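Subject: Structure handover

Hello,

Here is the structure I said I would pass on. My notes on a sheet and on some charged pairs follow below.

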Amino acid sequence: MCGLAVLMGAGAAVPGLAERMGGVLAHRGPDAAGVWRNDDCSIALAHRRLRVVELSEAGAQPMASANGRWVLAFNGEIYNHASLRKSLESTADVRWRGNSDTETLVEAIASWGVKDALQRCNGMFAFAAFDTRSGALTLARDRFGEKPLYLGMVGQDWVAGSELKAFREHPDWRHVVEPRALDWLLSFGFIPAPWTIHPGIFKLPAGAMIRIARADRLWRPDVDVFMSRVERWWDLGDMVQRAAQDPWTGSEWEAQALVGEALDRAVGLRHQADVPVGALLSGGIDSSLIVSSMVRMSAGGVKTFTVAFDEPDVNEERVAADTACRLGTDHTTVHLAGGAALASVQRVVDVFDEPFADVAQLPALLVADAARQSVTVALTGDGGDEAFHGYQRYLDGERNWQALRLFPWQVRRLLALGGGGMGRIVPPGRVSAALNRQASRVGVQGAEAYAQALLRFSGSESINFLDDPAWPRMPGWLSGSGFGARCRFLDQALLLPEGITHKLDRSSMAVGLELRCPFLDHELINLAWRLPSSLLCDGRSGKTVLRNLVAERGLADVSQRRKQGFDVPIGAWLRGALFDWADSLFRPAMQGDDPLLDAQWLSRVWRQHISKRADHGYVLWATLMYLAWCDRHGR
């Protein structure tokens, strides 16, 4: 796991600039640094290295291919690199210099080309590959966006990097807020690709690649031009469509065994490292299955970590400790009280780099800190809910939609105005006037914009009603499928790449910890899409096949647990330990000092919250993350 930065243009020749851009990413790769420039200094690749596989200098980056044509700066892991090496050896005379997956990848690119190499990889990654023959730069990102990659023009230079911190080192950087990105943040709690908080700077979408020549001068703030240049080397919709054409027809027990084998295979691939490996354990189904697989394949003990809260309603300490005891792991519990949360919020803005509003980012930072004291790599159960129908909102939405679909869209629109929720990711703040207009246009008002949008309150027969490049296009057969299946697809396409994985990447990389997600193995997710709905949901609860599997592994009580989620008592904290901090940020905004925010709306919601007339904790958190970011970087 590492960090990378790219300069393409005159800035590449500026002494020390590429080094500074790489230097601000040192937390991602504290073990080594490297910079490569081509002969005419028209491009510079900077890299920070976290040694995980091949600890010697044979894994140093940026790395050139043996034939000298390609130079690679790579962030991530290629889990199947050993099998890729065998394939390369069968078709080419490759003389390996070491055992790193970076070397495997650069030689695969040199032998097969970028797109073919990408399609053969099982991993999490973002990389910049420079072709010295053509002078073109290719940027690429993994299937589910586990690793970040930003790009755009700063001054007259192309700039790319793992985090926006690197961009701010450029002398021509200008701090401007993109209103549409703020709308996304206040609606859903995260900013999906291709948007970032800055106009003209974009996230490369998951499963995508883009080729840039030095002479290209294309977009500035034009997202449509940017997306016209993006090429999908892997597409979730295509995979889901193919899975529908090849459904699983075996028995329930055969399916359970198949899922168990696929999960063990995914865990086995992600358990490989030349450094200590542990796991995050909540005591829920997903993390328990991951740890059970690790225990069965580990020669030594497995180290596990969990977060505990003072508030009993959200505290999973006891069940996690009990699961750890039965699995025989070396378990550590980290306590996060309101006071500790106040210390953590001071770090959030710098760690997450652009506004991000999943309150679980606070305990994620804390547990990453604790894990890094003992291990360099940790496995996590994230992705299991999105893959195997685990969220309660899937079940609630399906039930509610069966009734709501009988009403004309005008009636559904009126129901939306009064808006009870159908579940949530992050309940919407929608403080900005622009987003209120957007909400009116699609017929979504009041609470729970995300789930209500899924319910198609606009009256459209297609879920693709948002005219925005961030909104995924759904395979045709899904438009007639159940509400839960549409939710899962949207979560995998939209929430996972810039919500879940963004949180995991930033919180872990802040301390040089590598997190790996076996449930995001694309072969395992493909299998989940092939399964009949009866193996994903029994009408009362989701993840049927995983519940049966964890019971088979001796954790029957875990299989019966209702999903709690990594909930955080943010509402109580904002009235208590975090009140002074929050109020100091809200007061100027409530006086109208930010033209992008609705001061009256914010004042009303904050008063309702602190008086306990309502709990707007999640709504307010999204606004706070924006205001804290402004306080740090400017408006």
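Ala279 has Thr304 of strand 14 as its bridge partner. The two strands involved, strand 13 (residues 277-280) and strand 14 (residues 303-309), pair in the parallel sense over three bridges; two strands count as paired if DSSP finds at least two bridges between them. Strands (E, at least two residues) and helices (H or I, at least four) are DSSP runs numbered from the N terminus.

Before the rest, the basis. This is a predicted model, in which local features need pLDDT of at least 70 and side-chain atom pairs count only at pLDDT 80 or more, while totals for chains, interfaces and linings use all residues. Residues are numbered from 1 along each chain as its sequence is written, and side-chain values use heavy atoms, with hydrogens and water left out.

The open sheet has five strands in the order 15-14-13-16-17, with parallel pairing. Strand 15 (330-336) and strand 17 (514-516) are at the edges with a single partner strand each, so one side of each has no neighbour in the sheet. On average, neighbouring strands are turned by 30° against each other, direction ignored. Helix 11 (residues 317-327) lies across strand 14 and strand 15, and runs at about 170° to strand 15. Axes are lines fitted to C-alpha atoms, for helices over the stretch in contact (heavy atoms within 4.5 Å), and angles run from 0 to 180 degrees between N-to-C directions.

Salt bridges

A salt bridge here is a side-chain nitrogen of Lys or Arg within 4 Å of a carboxyl oxygen of Asp or Glu. The count is 34. In one of them, the side chains of Lys147 and Asp505 meet at 2.5 Å, N to O. Lys147 is in the loop between strand 7 (136-141) and strand 8 (150-154) and Asp505 in helix 19 (residues 483-509), so the pair ties together parts 358 residues apart in sequence. Lys147 is buried at 3% relative accessible area, and Asp505 at 2% (buried means under 20%, exposed over 50%, partly exposed in between; 1.4 Å probe, protein chains only).

Asp505 also forms a salt bridge with Arg506, with the closest N and O atoms 2.9 Å apart. Through shared partners, salt bridges join Arg28, Lys147, Glu163, Lys165, Arg168, Asp353, Asp505 and Arg506 into one network. Of these, Arg168 lies in helix 5 (residues 165-168) and is buried, with a relative accessible area of 18%.

Regards
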